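Please go through the points below with the model open.

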Amino acid sequence: MKATSFIQECKAELEKVHWPTRQEIVSSTVVVLVTVFIFSLFLSASDFIFLKLLKWFWALGT
């Protein structure tokens, strides 16, 4: 009895959910991909600059 009640309640709750449209999903995906690309460029540049600074500091000690 509890299992069927649980499934009916789950079905009722899922009917209340606002499911995104295909256009909303596509636009959200594009935003995420662009953001990941920008952050990866930033982190790559930061890593490159930090590495160059460390090599420069190490060269001062020799």
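1. Helix H1 covers residues 2-16, and its 15 residues reach 21 Å from first to last C-alpha, close to the 21 Å expected at 1.5 Å a residue (1.5 Å times one less than the number of residues). Helices here are DSSP runs of H or I with at least four residues, numbered from the N terminus. The number of buried residues in H1 is 0, so the helix lies largely in the open (buried is under 20% relative accessible area, exposed over 50%, partly exposed in between, with a 1.4 Å probe and protein chains only).

2. This is a predicted model: local features need pLDDT of at least 70, side-chain atom pairs count only at pLDDT 80 or more, and totals for chains, interfaces and linings use all residues. Residues are numbered from 1 along each chain as its sequence is written, and side-chain values use heavy atoms, without hydrogens and water.

3. An unreviewed UniProt entry lists residues 25-45 as "transmembrane region"; such annotations may be inferred rather than shown by experiment. In the model this span is 100% helix and 0% strand, with its end C-alpha atoms 30 Å apart.

4. Val-30, in helix H2 (residues 22-60), counts as partly exposed because its relative accessibility is 47%.

5. By the pairing rule (ring centres of Phe, Tyr or the six-membered ring of Trp within 6.5 Å; planes under 30 degrees apart are stacked, over 60 edge-to-face, the rest tilted), there is 1 aromatic pair. The rings of Trp-56 and Phe-57 have centres 5.1 Å apart and planes at 50°, so the pair is tilted. Trp-56 is partly exposed at 49%, and Phe-57 is partly exposed at 48% relative accessibility.

Methods. Helices (H or I, at least four residues) and strands (E, at least two) are DSSP runs, numbered from the N terminus.
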